[in-house]
Amino acid sequence: MNTEMYQTPMEVAVYQLHNFSISFFSSLLGGDVVSVKLDNSASGASVVAIDNKIEQAMDLVKNHLMYAVREEVEILKEQIRELVEKNSQLERENTLLKTLASPEQLEKFQSRLSPEEPAAESPQAPEASGGSAV
């Protein structure tokens, strides 16, 4: 293989791919085309044709990937919308419950949320539980 005339690894790879294609297809056709070789003058046109095919294939893959990504983005946007709606609903319910709750209920609820506060309010808890146990 004469790779001195090619400047980039891509050109070398295309040249190798072209040679492989010729040998592969000639073996499929029964060896009649095995004598086909690239000379320096014909290889330029062949390389350009193969480059074009590769570019078309890459464009096709890119289009499919972009379509798949757009689909996924739309699905995720819909999930975000649903979660934002659910969050808003829960915040409204929380606000309503806070306004309807008595100060004692809020205090009890707050003590369950933070681990430091139950220790500070532990003297009140035995009175409430002591009253019901007696």
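This is a predicted model: local features need pLDDT of at least 70, side-chain atom pairs count only at pLDDT 80 or more; totals for chains, interfaces and linings use all residues.

Mentor: Residues are numbered from 1 along each chain as its sequence is written, and side-chain values use heavy atoms, with hydrogens and water left out.

Trainee: Which element of the protein chain has the highest mean pLDDT?

Mentor: The pLDDT is the predictor's confidence in each residue, from 0 to 100. The protein chain averages 74, and 54% of the residues score at least 70. Helix 5 (residues 124-133) has the lowest mean, 43, whereas the highest, 90, belongs to helix 2.

Trainee: How many contacts beyond four places in sequence does the model have for residues 117-134?

Mentor: A contact means heavy atoms within 4.5 Å. Over residues 117-134 the pLDDT stays under 50, and the number of contacts beyond four places in sequence is 7.

Trainee: What percentage of the residues of the protein chain count as buried?

Mentor: Buried means under 20% relative accessible area, exposed over 50%, and partly exposed in between (1.4 Å probe, protein chains only). Of the 134 residues, the buried share is 11%.

Trainee: How far apart are the closest N and O atoms of the salt bridge of glutamate 78?

Mentor: A salt bridge is a side-chain nitrogen of Lys or Arg within 4 Å of a carboxyl oxygen of Asp or Glu, and by this rule the count is 1. Glutamate 78 and arginine 81 both lie in helix 2 (residues 40-100), 3 residues apart, about one turn of the helix. Glutamate 78 is partly exposed at 34% relative accessible area, and arginine 81 is also partly exposed, at 43%. The closest N and O atoms of glutamate 78 and arginine 81 are separated by 2.9 Å.

Trainee: What is the distance between the end C-alpha atoms of residues 66-100?

Mentor: An unreviewed UniProt entry annotates residues 66-100 as "coiled-coil region"; such annotations may be inferred rather than shown by experiment, and UniProt positions follow the numbering used here, with feature names shortened. In the model the span is 100% helix and 0% strand, and its end C-alpha atoms are separated by 51 Å.

Trainee: Is serine 111 buried or exposed?

Mentor: Serine 111 belongs to helix 3 (residues 103-113). A polar atom of its side chain lies 2.6 Å from the backbone oxygen of lysine 108. With a relative accessibility of 13%, serine 111 counts as buried.

Trainee: Is threonine 99 buried or exposed?

Mentor: Threonine 99 is part of helix 2. A polar atom of its side chain lies 2.7 Å from the backbone oxygen of leucine 96. At 58% relative accessible area, threonine 99 is exposed.

Definitions and conventions: Helices (H or I, at least four residues) and strands (E, at least two) are DSSP runs, numbered from the N terminus. A polar contact is a pair of N or O atoms within 3.5 Å; within protein, one must be able to donate a hydrogen and the other to accept it, and residues adjacent in sequence count only if both atoms are side-chain atoms.
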